[in-house]
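Welcome! Please take a look at the sequence and the structure below, and then read through the briefing that follows.

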Amino acid sequence: MHRQPEITRRVALGALGVAGAATVGLSWPRLTASDIPGRGEDVLTVAILGTSQDAAARQSLVDAFTEAHPDIRVRIQAIQGNDWGDFFSKILTMIAAGTPPDVVNVATEGTQLFASRMAEPLDSYVLRDAADLQEYFDDVHPTLLEAFMYEGSLFQLPTDFNAANMYLNTDALNSAGLERPPDDWTKDDFTDLLRAMRTTNADDFVPYFWTNRLFGGLVPWLYVNDTSFLTETKAPGGNWFWDRFYPGEQRSGGYRWLESNAEDPLVAESVEYLRELVAEGLGTRPEEGGGGALVGLFASGRIGTTPAGGYWAQGLHEAGMDADGFDVQFFPRWRTQRHQFGAAGYAIMATSERKDAAWEWVKFSATKPAMELAYPRPTTTPTRRSMVNEAFYADTGPRSWQVFYDTLDTFPTTGPIPAPPQQAAVETALIKNVSAAVSGSAAGVPGALAALDRDLTQALRRVS
Amino acid sequence: MTAAALPTARAAVDRGSGPRSQGPAWRRRVVVLTFLAPTIIGIGIFTLGPIVASILLAFFRWDIITDPEFVGLTNFVDVVADPTVRVSFINTLVFVVVAVTLQIAVSLALAVLISQRMPTWARTFFRSVFFFPLILSAASVSIIMRYLFNEEFGVVNWLLSLVGIGGVPWLTSPTASAVVIVLVYVWQQFGFTFLLFVGGLASIPTEVYEASSIDGATGWRQLRSITLPLLSPTMLVACVMAVISALQIFDQPYVLTRGGPGDATRTAVMVIYESAFRQLEFGRASAIGVVLMLLIMGVTALQFRLSRRFVFYQ
Amino acid sequence: MTTATVTPPAPTTRAAPPRRSSRAVPTPSTVARTAFLVVAAALTLGPVIWTVSTSLRSPAESFTLPPQLIPTDPDLTPYIQVFAQINMGLLTLNSALVTGFIAVGQMLTAALAGYAFARLEFRGRSLWFSLVLATMMVPVQVTIVPVFMIIRGMGLSDTLLALILPAIPTAFGTFLMRQYFLGLPVELGEAASIDGAGPWRTFASIYAPLALPGLAIIGILAFNFHWNEFFRPLILTISEQNFTLPLGLVSLQGNMGTGSISVVLAGVVLSMIPALVVFLFGQRPLREGLTAGVSK
């Protein structure tokens, strides 16, 4: 270090200080976030799972809403997360931070969590505006509404859904000398198809790729085997709704998942089937929290089949797959052909001080023009039957796009993702014990399911 | 660095290092306060306060949105009885032993090797390479490794297949996924202990080696009888730091395996995170946190105790 | 990942005394050692090279095996996609502000506290010092909820200051600077005292300038750590406008696995450039700083 004259050092230090103060001053609006428009103002905050891109994509929706309701200002707040669980905990942090949103886009995974603690029932609003809404209900399958009933009250109007259908890689089918299977194909047909794909494709090809999570993991195989890992019952009530909007429908006041059903022999049977697929090299061992590479793998022809919903059409298209490169079929039949689906819609937060404005948003988002703005491309399946049409899938495929909505009509028992208010703990328990069960030998399955039963019982006992 | 500085430090303290005769006592106190205030107040508000708060929170049931409810020792009783928590602590301890041993061994070996005769550019090259993973974020590294270790499509299995080893289920079998977590963690962390050792080796006077060469000591014997003892203060710092860091492992298993399959790679901090931010049981999460804090302090104290027997100060 | 990873690297300038000056024939053991180093370097760099090359391929080709280490036909689409999908400019600005203020703040506070613990005498010095050190052992996941509540109490929820303020007091930096000041000759301060300099003058004009290399270490390590930090921003920020780079990268992965691997890796590569630059320029100060701390 050179000895410098004291005065120079003072000047340098002073200059540094001034520069520092200037930096702080200039960046102050950014440091305190006071430069974010609409922050702290009286606006209707709508939280969605997604990125700012997703928020921007809804700008036309917001504009249309503002045109219809000039007195209500809306701000879309995109919240990102790997899955719905991340999203829900973030909403909770917003409540804790004293800045809860007014409206939240909630998926089936969180419907009961929100309904039991945070959301406002829509019942009185729905009845008040019944005349406006009849057209919406006429266009939407009742199965989707039932998933958003909780203890006799309605909490959301579903705007999009996805059933776990089976995606098929056309090239892999062709090279195995096969065609798209028929609608009523069975589990054994499926196994044969995988074996044929296995023998006619390279080593780094996987006939069946699946992700270990609540949607599309073990659960579809439980549903087609006429069981579930939780005992499924229905809540009474809800007649006010069904009688008014779906006369003649025998529906309930919502699903109840109160107890573990993990020790059901049929559950063991489904798990054992998946375990054998893995052991035989037909299916992947599921990675936890995986799926990040799924679209790329499928699009590059490394995967023969995988369970997914309509949300995949656009993703595969963007990954470079053409409309004839893949197709979709119902999930194969076992004891039944009951499908699993997930849906989403806007819920009003009970803490909101703008509930009437919030309801206007919920109602608006369910109109056809709004849904056409919200879903310009098949990144998900709109709940309005009239929107799931040839034109919607023309660019992307699949050719058999009818499967997406037909699932609801053809298999009336089709049910939502089992997600009680304790969803996070339930999902953790399911995922970890399923991965343990299918990674080991057949002898390990009963032990893993006993552990699942114990974990689920503990999770469900917790006061929600 | 620190190790090398320690002996000097001792000498300085012994001689009484403070500036004397600085006016009245109150003035000296004000001076000390101004020097310390930013750090002590900051740590008080943002670390010590929260530690105390989370210890208190461990006696409550709280989901953030409703008011906390006092539940006494219930959380601790639950936590001790919970097999998942128990497994996660065992996993963490096994991880610490294996990962730290491997990290210390690899970084020490490389530091010794790099101090052998070689062109300056080569030394600079190796030194930079071994430090490089440290500049990546653990999250990015885990994303990258997730692709590399994929069972069907990953590069690692492709390389193994070249030598005839068939598809290892790296991320989906209990043993293999634990191995991956250790490898990925050590891959990213060894650069740090490596640089500590390089610094420690540099502080060993050349004359010591020259003297021993004259006595005929070479290679292994030199390493065992000179390098390691003289390096032991650095070793202590490296071990303590590495152990504290490893005990808090979270990012790698969180991104790579989410703790699975089963509970095979679930660590203590992961369980804390899951209890708090997935299951909304903040009291329970705090109770696990308190147990982990006690464990970390115990292990660190133990290391310092052991160090009295093994660490050699010049 | 944790505070403990922020630790000083060390000098190497004196690492290889020329024990024999003549150029000897490589012995088998030299060959083995060199081979070991080369293999270790390959294992260390391999994943990084794969990341860069895969980020230059189209999504459909990104899984092709054998992996191409040098992309023959580089495709910049993933990089264009990154800029299309996330607001790189704002994310980088936020990261730069957060890491910049934390680094400067840590240097200032650690210099003061480290000096006090090394050179000033006061009652309970070692007790206070142990207390500061003990805070290094607490995982951030344990304290994050109370920190969140304190931030809310200060009215700073969902701001960059919520990330900056709690990170400025640094136990590790204090420890490092204490060691550093202890390594500087005590005679300098004594001489200054005799000349009539007060503790502030002694600190500001004698010790602080000598400790600049040590401060550089703290600054570089703080930058490196907080540039890559994921957990605190994840919990403490809510609006996307307040996100830092690592959070932005996660959104490239898409929901339900609809993201593309090349785009994710392109984001990883872009985000590591600033850290790489700091590392390249910081390597020398890091080394010199440590040498100075030992030898002066």
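**Lead: a first look**

In chain B, residues 230–250 have end C-alpha atoms that lie 34 Å apart, and the span is 86% helix and 0% strand. Helices here are DSSP runs of H or I with at least four residues, strands are runs of E with at least two, and both are numbered from the N terminus. This is a predicted model, in which local features need pLDDT of at least 70 and side-chain atom pairs count only at pLDDT 80 or more, while totals for chains, interfaces and linings use all residues. Residues are numbered from 1 along each chain as its sequence is written, and chains are lettered from A and ligands numbered from 1 in the order in which they are written.

**Transmembrane regions in chains B and C**

- For chain B, the unreviewed UniProt entry annotates "transmembrane region" at residues 30–60, 89–113, 125–149, 155–187, 230–250 and 285–304.
- UniProt positions are given in the numbering used here, feature names are shortened, and annotations may be inferred rather than shown by experiment.
- Residues 89–113 of chain B are 100% helix and 0% strand, with end C-alpha atoms 36 Å apart.
- In chain C, the span 96–118 is 100% helix and 0% strand, and its end C-alpha atoms lie 32 Å apart.
- Residues 261–281 of chain C are 100% helix and 0% strand too, with 31 Å between the end C-alpha atoms.

**Chain C as a whole**

- How many helices and strands does chain C have? There are 13 helices and 0 strands.
- Buried residues make up 58% of its 296 residues; a residue is buried if 20 or more other C-beta atoms lie within 10 Å of its own, exposed if 12 or fewer, and partly exposed in between, with C-beta atoms placed from the backbone.
- An automatic or database assignment sets the domain bounds, giving domain 1 (29–75) and domain 2 (80–295) in chain C.
- The contact between them takes 8 residues from domain 1 of chain C and 7 residues from domain 2 of chain C, where two residues are in contact if their C-beta atoms, placed from the backbone, lie within 7 Å.

**Chain A as a whole**

- Chain A has 21 helices and 16 strands.
- The radius of gyration of chain A is 25 Å, close to the 23 Å that the globule rule gives for 464 residues, so chain A is as compact as a globular protein of that length.
- That radius is taken over C-alpha atoms, and the globule rule is 2.2 Å times the number of residues to the power 0.38.
- Of the 464 residues of chain A, 55% are buried.

**Strand 7 of chain A**

- Strand 7 (residues 157–163) of chain A has 7 of its 7 residues buried, so it is largely enclosed by the rest of the structure.
- Strand 7 runs antiparallel to strand 14 (residues 340–349) of chain A, joined by 6 bridges; two strands pair if DSSP finds at least two bridges between them.
- A:N162 has A:G342 in strand 14 as its bridge partner.
- Strand 15 (residues 381–382) of chain A is also antiparallel to strand 7, with 2 bridges, and A:D160 stands opposite A:P382 there.

**A:Y136 in chain A**

- A:Y136 sits in helix 7 (residues 130–139) of chain A.
- Is A:Y136 buried or exposed? A:Y136 counts as buried because it has 20 C-beta neighbours inside 10 Å.
- Leaving aside neighbours within four places in sequence, A:Y136 is in contact with A:L157 and A:A366.
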